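Q: I would like to learn how to read strand pairing, chain interfaces and salt bridges in a model of this kind. Could we go through them one at a time?

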There are 4 protein chains.
Amino acid sequence: MQTIGVLYNPLVPATAQAGERIAAWLGERGLSVWLGTSQSARDEPELVAPCELLLALGGDGTVLRAARVGITHTMPILGVAMGHLSFMAEVTEESVFEGLEVLLSGGGWYDQRTLVRARVLRQGQEIYNDLALNEVLLSRRDVARVVHVSVAIDDMPLTSYRADGVLVSTATGSTAYALAAGGPVLDPRSDSLLLVTVAGHLTSLPALVLPPATKITWTLARHHPTIISLDGQWSFPIEPDDQIEVTRAEEICRFAHVYPQAHFYQTLTQRLRRQ
Amino acid sequence: MQTIGVLYNPLVPATAQAGERIAAWLGERGLSVWLGTSQSARDEPELVAPCELLLALGGDGTVLRAARVGITHTMPILGVAMGHLSFMAEVTEESVFEGLEVLLSGGGWYDQRTLVRARVLRQGQEIYNDLALNEVLLSRRDVARVVHVSVAIDDMPLTSYRADGVLVSTATGSTAYALAAGGPVLDPRSDSLLLVTVAGHLTSLPALVLPPATKITWTLARHHPTIISLDGQWSFPIEPDDQIEVTRAEEICRFAHVYPQAHFYQTLTQRLRRQ
Amino acid sequence: MQTIGVLYNPLVPATAQAGERIAAWLGERGLSVWLGTSQSARDEPELVAPCELLLALGGDGTVLRAARVGITHTMPILGVAMGHLSFMAEVTEESVFEGLEVLLSGGGWYDQRTLVRARVLRQGQEIYNDLALNEVLLSRRDVARVVHVSVAIDDMPLTSYRADGVLVSTATGSTAYALAAGGPVLDPRSDSLLLVTVAGHLTSLPALVLPPATKITWTLARHHPTIISLDGQWSFPIEPDDQIEVTRAEEICRFAHVYPQAHFYQTLTQRLRRQ
Amino acid sequence: MQTIGVLYNPLVPATAQAGERIAAWLGERGLSVWLGTSQSARDEPELVAPCELLLALGGDGTVLRAARVGITHTMPILGVAMGHLSFMAEVTEESVFEGLEVLLSGGGWYDQRTLVRARVLRQGQEIYNDLALNEVLLSRRDVARVVHVSVAIDDMPLTSYRADGVLVSTATGSTAYALAAGGPVLDPRSDSLLLVTVAGHLTSLPALVLPPATKITWTLARHHPTIISLDGQWSFPIEPDDQIEVTRAEEICRFAHVYPQAHFYQTLTQRLRRQ
């Protein structure tokens, strides 16, 4: 590796400081470093493009924003937790240098994470199209408490219900919001799609684990102000007759790993207990 | 009984029409009738005051608004379902006359529903104070996905977690939003308070059934735009250091019943299946 | 207090040793001590009868067996945890002397726990009648996986389903098996009854919190080898046309407390995380 | 197709009668028919071997027993529901002839269902080895209420807990007992393994969706009488130091289908509501 990107969270000064320290450490080892925020990565894509690895310093939000950059430039992400344990971080601020040494010496490994794509069709025209690493969520826009949604699987009506929301999650997202909503945890290697209802009213639909080629379609059975949100970061308002289609994306996202595969299960229960 | 109120939903014309029919039927029997909306009930309290019974024509929202009127004037509510089965309605549009005959002839019975009171304290000053029949919900105000809340029971810290929200429900509310959030169903006669977390992240706190004299306090462990909402109808924005206290209210709400007590359990599973 | 009972678990030598130490400590303070097992308490009731307090040394099973002795002789129980935290123990082996000093000097307090009574009727005759502190469970007797049960509330049919089992729990039992089955936690002071289905198949019945005066009746809709078990300690085989009635018992059980009421909620989340 | 097997349930006379009718119908069309029970299929394997399709008349138990025959002889199964809707039946008693006509004329399609294999190792020796179509369940053998089990994923310790049981289910089994225990529904085409805890005590482990190549190992952290059961039909007692290994089987089971793939989701919610 010759060039490494380091992405920090502009709202958390400690991540910028950690970024400086890591950049210095990498510079001492003769590597070129790009240091910036997700905003600057969008503003100066030609500077980010040469990076062969992108460190994301901060919480899950920072990793999710880094993933966007990584997808665009097809570079792997190394999540660096700055606080408590996170499902998205491979190393912590303390173990980052150890981890970098492994990767720089050709060790470690890279996985491929499934992404989902959400499209919104309005009167037959696609008016929105974007990717998510964790999940696409359809939910109420404000305190009016319910979404009344109809769900179809591969154009076949499944059911309709009132709920706080409904989401399609990737395996990566199965430890995020989908878990809070009652879903199972999918192995990170899985390319299945996970459909989970959030606080469904008088519905007994369990979480569904769907094949990668499935198309999930949502339409509003009755309209209240509604939005879709992707990875809890980006959102788009939905109108009464819109059709929201969620599928597996052709793109993937790669994560860099220092620890063996089994590390996920070894640390799962600790993370579940927030320890 | 000499005077009866009939409250309809101004947004649903069918409820106004049903109101006219019911008013005519009551008039033929020599009764005085007040016919109006919850807004007009607030505008002309002296006209509503003489009512000895208040019919609520419509969905749960209409019954919740009627309950407010009923609490103010200490008159019982008769819920009249205009569409599908509801936990809050005693009779349907079809069976309303039968039900009224029972009540007018001195039959039927009246229960007492527990209410909750929510108070918001800002810098030691009470800045909000209101009643709910179903529940008080603390939740995110917009798509930023979590509330990070600390919960105390009788001033004793219980736990803190990230979640979509947290609510205190009455027995009446236990078949409403609290049920969608995973809570148990409380017998309508119960005066217990029910604490339920909505889509809690990495928390294993089950629903808690608390004694009527309990004070539940919420404070924000970390701030995102947050509101409390009462019965899903009325809401109030919460600031970072606010303290939200929820207790059982001194007031109660009375519901008129035509069917015996056991009717609740007899119809419970039908209602749970939305049949 | 002049006489104190100390009950240990004959299968756990450490509890007998702890019993000796506690008996010696009490003897030094001039108190009479009865030291024995639940079996010896049944064999020599006249020796146990004078006890004004009964210490239960061991796990939840020991406290449950002590409760039986305590109910018979109307004496309060002090649970002494010998291993990890328990919902039924007030003190640990380390804090037991401190706790006893509080109680012997007239401090502390005593609560009243609701009990449930299970009766089995066969051809109209009562053939079984016993008490439980935690719960009455109807379940399959062996690996044949389901019980097909009909449930009635106050003689009104509620629903029927296939499940691993169905239970009625007290508030005390709400932190035991009922919790594992998905029920809420009831405040220890509550006299409500809690109906919870265990691994119900294709049923959406939530946990029900019922008034103390409720009678719950179970009958087998279809017969497989089935038993009822009380507190997981005592069991009775059920025949095809038996009727199992569960009600709140007239008897109560008293627990001695050293810490204030709020201690329950203060330690709840620790206990939920098995810490 | 020239030879067809018809398997009925000897305990349900109606299935034998339906078997006779179907055999007659097939005979009229010039096909050879083997008609028998799962016992007779085991007793006279040479008679069953020529069958190119095996009809299973009855409930899920009959389909599970037919699957065993089908796996041995690598022939597909057609489930024929004799009562209410089942997840395992493709046709009903009413629609069976229509379905057969489709299949006999070369229509319909055949899927491949993942199976799981359970092995029990005692002192390093394999003492049990068998297949399941739905699930392998480790559970208490009698009313002693808990199994205290340690779970490992690919030889990496995951967690240990007390529970009624723990199971590994296939996609096929995800609509059976795993669903009652709180698991998600997996698409029938999925080859993932599903790990679900049954009534876990003080554990927050969600259901896990594991890759097909995963090995799940169970050992008893503390011994109570314990068994494993396969498909709720066959069981084996477990001793204290036994090691139970569950993996995906090399064998598969084929199901015959008359309706398109989408039929599964189309009927899912009906079946979930037991309609």
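**Reading the features**

A: Strand S14 (residues 208-210) of chain A and S12(D) pair in the parallel sense over 2 bridges, where strands (E, at least two residues) and helices (H or I, at least four) are DSSP runs numbered from the N terminus, and two strands pair if DSSP finds at least two bridges between them. Within this pairing, A:Val209 stands opposite D:Leu186 of S12(D). This is a predicted model, in which local features need pLDDT of at least 70 and side-chain atom pairs count only at pLDDT 80 or more, while totals for chains, interfaces and linings use all residues. Residues are numbered from 1 along each chain as its sequence is written, chains are lettered from A and ligands numbered from 1 in the order in which they are written, and side-chain values use heavy atoms, with hydrogens and water left out.

Q: What is the area buried between chain D and chain A, and which residues of chain D lose the most?

A: The size of an interface is often given as the accessible area lost when the parts come together. Here the buried area (the accessible area, with a 1.4 Å probe, that two parts lose on being put together, summed over both) is about 2,300 Å², and carbon and sulfur atoms give 68% of it. In chain D, the residues that lose the most area to chain A are D:Met156, D:Val209 and D:Tyr265, which together account for 23% of what that side buries. Strands S10 (156-163), S12 (185-186) and S14 (208-210) and helix H7 (263-272) of chain D each supply at least two residues of the side that touches chain A, and H7(D) gives the most, with 5 residues.

Q: How many salt bridges and polar contacts are counted between chain D and chain A?

A: A salt bridge is a side-chain nitrogen of Lys or Arg within 4 Å of a carboxyl oxygen of Asp or Glu, and between chain D and chain A the count is 0. A polar contact is a pair of N or O atoms within 3.5 Å (within protein, one must be able to donate a hydrogen and the other to accept it, and residues adjacent in sequence count only if both atoms are side-chain atoms), and here 8 residue pairs, both at pLDDT 80 or more, are in polar contact.

Q: Where, then, do D:Arg122 and D:Asp242 lie, and is D:Asp242 buried or exposed?

A: The whole structure holds 48 salt bridges over all chains, and one of them joins D:Arg122 to D:Asp242, with the closest N and O atoms 2.7 Å apart. D:Arg122 lies in strand S6 of chain D and D:Asp242 in the loop between strands S17 (234-238) and S18 (243-257), so the pair ties together parts that are 120 residues apart in sequence. Buried means under 20% relative accessible area, exposed over 50%, and partly exposed in between (1.4 Å probe, protein chains only). By these cut-offs D:Arg122 is partly exposed at 29%, whereas D:Asp242 is buried at 1%.

Q: Why is strand S8 of chain C described as largely enclosed?

A: In S8(C) (residues 135-140), 6 of the 6 residues are buried, so the strand is largely enclosed by the rest of the structure. S8(C) pairs in the antiparallel sense with strand S11 (residues 165-169) of chain C over 5 bridges, and also in the antiparallel sense with strand S16 (residues 226-230) of chain C over 5 bridges.
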